[in-house]
Amino acid sequence: MQFDVFTWLGGLWDWVIGVLLWLWGFLMWPFLWEGPFDFFAWFGGLWDWVLGIFLWLWGIVNWLIFWVVDFVNWIWFLVSLPENFMFLFRAIVFPGLIFILLALIFTVWYTRKIWARLQDRRGPMHMGKYGGLQLFADAIKLMSKEIIIPDKAKRWMYRILPSLLLVIVMLPFAFIPWDPYWNILGSPTSPFPDLSVSLVLVFAILTAVPVFSLLIGWVSGSKYSLIGGFRAANNQFAAEIPMVISSVGPAMLAGSLSLYSIVMAQTNIWYIVLLPINFITFFVAAIASVGTFPFDAPVADSEIIFGWRTELSGIYFTVVYFAEFAEQMLYSALMVTLFLGGFNGLPFLAGIVNFAIKWLVVFFLFIVVTSSFYRLRQDQVVHLCWKYLLPLSILNVVLVMFALVYIPGLVPLVIGG
Amino acid sequence: MSPDILDESSVIWFGPQHVSAHGWAAKLTIVGDYIVECDPNAGYFHRSAEKCLEFRNFRQGSMILERICMMEAFLAEYPYIAAVEKIVDLEVPERAKIMRTIMMEFNRIHSLQFWWGQFAGELGLFVMLLWPWVDREYSLDAFEELTGSRHTVSYATPGGVKYDFTPKFLAKMETALKLVKDRMPVFNDMLAGSPTFRLRTEGVGHYTAKQALKWGLSGPNIKACGIPMDLRKDDPDPNLAYDLIDWEVPVINNEEHPGESDAFDRLLQRFKEIETSLDIIEKLLPILPEGPIIDPKARSKTNRLPEGEGYGRVEGTRGVTSVWLKTMAKAQTPWRAKIRGPCFASYYSLKHIVPGARFADFPAIFGSLDPYPGWWDR
C-alpha cells in the first residue's frame, strides 16, 4: 500500500465537517431539549459523551499509527527498488559518507606521518600499529573537552557554523567520479546520472567555504579571529579565479562540464600530459584556497594565534579541523579527475583502486609542497595568484582554443574512445 | 599620521598568552593591516635574579645567571665569573682559559641553531624549525657528557673550570660540530636561498647603523649594519683566549644598503657568526696545553672577597652581556649585583622599528632581533 498525499488530504474535508457538526450540536443542545429538564436523564447521557470522546481519540491514534506504518512502508518500498537501494548504499556506505569519513581518518594519519618524516620526527607511534589509531584517540580527547564559548561570541551562530562548514565541504564529494560504476551520481546505468554541469556545481558549493571562515571569525568575538576570517576571505579572493580558469582547459578538451564525461574523455591520454602548466596553476591555487602551509595566513599561529579558529574548542575545533583535511582531499580528487585520468589507469585494477592510487600521489605532493615554503604574507598571496597564476591559466585557455582548432589529430585524441 | 587615521585604529595585545610571545607582551595599535604604534611591555618574566645574587656566594652566583637565558648558559654565566676575577686576584691556568673559550663558542653555535629553528617556525616553516633542533640535540649531548646537565651547565667557576675535557666529550663535540659544518649549506639553502624566505624578510625591520648605536643595540644586531663592534676583539677578557689566535670579527656588508640592516641581513650575520665560532674552535683545539684546569687556591680565595667593584662583560650570542658586582669586606655574598642583558635594547627598539610595518611582518621583525625575555626582566 502506497501512501498518497492527495487521498489523505481529500479526507481532511470530512474531518473538518465532522468537527463543525460536533461543535454545532454542543452549542445547540440546550435549545433542542424537549420537555422539562430532567437532570438524571441528562446525566445518564454523559457516559455516551465520554465514550464518544474516547472513540474520537482512538480514531486519531488509529489514524496516526496507520499513517506512520504507511509512511514507513512507503519509504521501505522506495528503498527496496533496486536502483534506489543502490543509490542509498552508494550515498551512505561506499563512495559516500562512510567511505569519505574513513578516507578522511586515513588522510589525517597519512599527512601527520609524512609531515613527521619530512621534519625528522616519527609522528604518531603508540596508538595502534604505526600510530594508526592516533586519530581516534585524538577525536575522543577533543570531543570530551570542555566547550568554551567566549562572552562576546554570538552563541547560536558559533554553535551551528562549524558543522555547516563540514557539510558544505562534504557535499561536492557526491560529484566525484570514483569509478565507472560506483559513483553517488553519475554512473550511466543509474537513475541518478551525473549532472551536466557538475564541475561548475563543485566550485559553486566551494565558494561558500570562505564565507563560513569569515563568519566564524566574525561571530567568535575576538580580534585575532576577525583578522583571520578576513585573511581567509582574502585567500579565496586571490585563489578562486585562477583555480576556476585552470579547470577550463580540461573542460574544453573534453567538450563537457560533467566530471564523469571529463574522465571518460581521458581514456586515450591524460590531460596532465597536454596541460602540465594548467595542472601546476590549479595545484597552487588549490593550496591557496585551502589555506594550508605556504598560504596559511588565515591561521598563522605566530601572528594571530590560530586565525579564525582561535576561539573554537572541543568538538567545534574537531569539525573544523576535519573540514580542512576534507577540503584538501576534495581538491586532490578534483586534480585526479581533471588532469590524471580519474579511474582510467591500469586495466587489471578496479577503477576505484586506480583512482585511490593517484589520489594518494597527489596528496603526497600536497604535503611535500605544504611543508617546504615559508608562510606568505596575505598581500603576497594575492600578488602571486593574480600576477602569475591568473595570466598563466588564461594563456593556457587561449592555447587550448588554438590547439583544438589548428592541430588536426587532437580532437579524436582528447575526447576519448 | 593624521588623527583621523587613528580613529579607525584598534589595539591588539601581542602576548603574554600569545603562542609566539614567550614571556612578553607588546601592545600593537593597528590601522587596517599596518601597525602604527608598538608599545613593548616588560615585566612578565621577572624572577628577581639581581636580588637572588645577593643571597648566593661567589661560586653559586653564576648558576642564577645561566637560568636567565638557558640557550646561552656558558655565555650567560661568564660575566659574573669575570667580575669576581676582577675583584680577587686569581691565576687562571692557560688550559682553563682555552677550555672556557671553546665552550663559549660551542654554546654560541648551539644558541644560534636554536634561533634558526625558532625564526623559521615563526615564519611558518616547521621543517626548518625541527631540523636545526635535531642537530642541536648532539650539542646538548656533548654538554651533558662534559658537565652532566644539558642546559644549566655551570661549567666555569672563579679561577678556572670545573670539569676537564674527556676523550668521549671531544668525540661528541666533534660529531656535533661536524654536523653543524656539514649542514650549513643545507640551512643556507633553506633560509637564505629560499625565495619565500627572502620575500618575508627583505626590507622588513629596517634600521640604520646610527639608529642602532642610538638605541644601544649590540652583538649581531649591530654587526649586521656593518659596524665591527665585538667585545671579543675590542676588549678581550684577560682570562679568555681570544687574543691567543688570529681571527676576524664577523661583519656583513650589504652592497645594496651599506650601513643599514633588515631582517635578511641579520640572518646572514648570524650565519657568519657560526662560521667564526667554528673557526675559533678549530684554531683553539690544537693549542690546548696540558696542565691544571683551576687555580688551586680558587676555593679559599673566593669564600670572602675584599671590598671592591668588578665589572665583567662578554660578547654573548645576542649582544653585550655584563654583570657589575659591588662587594664588601668579609662578606660572603655581593652587596649589590647589576645585570645588563643584551635584549632590553633590542626589545625596546621594536618601538621604533615596528611602526609602519604590516601586522604579518611583526614576527619576522622580532624574530630577527632575537629578543629573549629573561634578559630584560631578569
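How are α7(A) and α17(A) oriented to each other?

Analyst: This is a predicted model, and everything below should be read with that in mind. Helix α7 of chain A covers residues 134-143, helix α17 of chain A covers residues 314-339, and their axes come within 7 Å of each other and cross at roughly 140°. Angles over 145 degrees would count as roughly antiparallel, and the crossing falls in the range left for the oblique class, so α7(A) and α17(A) are oblique to each other. On the side of α7(A), the contact is made by Ala139(A), Leu142(A) and Met143(A), while α17(A) contributes Gly314(A), Ile315(A), Phe317(A) and Thr318(A). Sorted by class, the residues of this contact comprise five nonpolar and two polar ones, with no charged residue taking part.

Chain A has 20 helices and zero strands. Its radius of gyration is 30 Å, well over the 22 Å that the globule rule gives for 417 residues, and the chain is therefore more spread out than a compact globule. Along its principal axes, the C-alpha trace of chain A spans about 105 × 55 × 45 Å. Of the residues in chain A, 40% count as buried, and among its contacts with a separation of 6 or more, 77% are between residues 24 or more positions apart.

The domain assignment divides chain A into domain 1, residues 5-80, and domain 2, residues 95-414, and the C-alpha centres of these two domains lie 58 Å apart.

Another helix pair of chain A can be set beside the one you asked about. Helix α4 (residues 46-80) and helix α5 (residues 82-92) of chain A pack with their axes 5 Å apart, at an angle of about 90°, and α4(A) and α5(A) are therefore roughly perpendicular to each other. Here Leu78(A), Val79(A) and Ser80(A) of α4(A) meet Asn84(A), Phe85(A) and Leu88(A) of α5(A), a contact that divides into four nonpolar and two polar residues, with no charged ones.

Finally, there is the contact between the chains, to which chain A gives 23 residues and chain B gives 24. On the side of chain B that touches chain A, β1 (10-14), α6 (126-147), α8 (195-201) and α16 (362-369) each supply at least two residues, and the largest share, five residues, comes from α6(B). By class, that side of chain B has 15 nonpolar, six polar and three charged residues.

How values were computed
Residues numbered from 1 in each chain as written. Chains lettered and ligands numbered in written order. Predicted model: local features only at pLDDT ≥ 70, side-chain atom pairs only at ≥ 80, totals over all residues. Axes fitted to C-alpha atoms, helices over the stretch in contact; angles between N-to-C directions. Helix = DSSP H or I, 4+ residues; strand = E, 2+ residues; numbered from the N terminus. Parallel < 35°, antiparallel > 145°, perpendicular 65-115°, else oblique. Contact = placed C-beta atoms within 7 Å. Nonpolar A, V, L, I, M, F, W, Y, C, P; charged D, E, K, R; others polar. Rg over C-alpha atoms; globule rule 2.2 N^0.38 Å. Buried ≥ 20, exposed ≤ 12 C-beta atoms within 10 Å, placed from the backbone. Domains from an automatic or database assignment.
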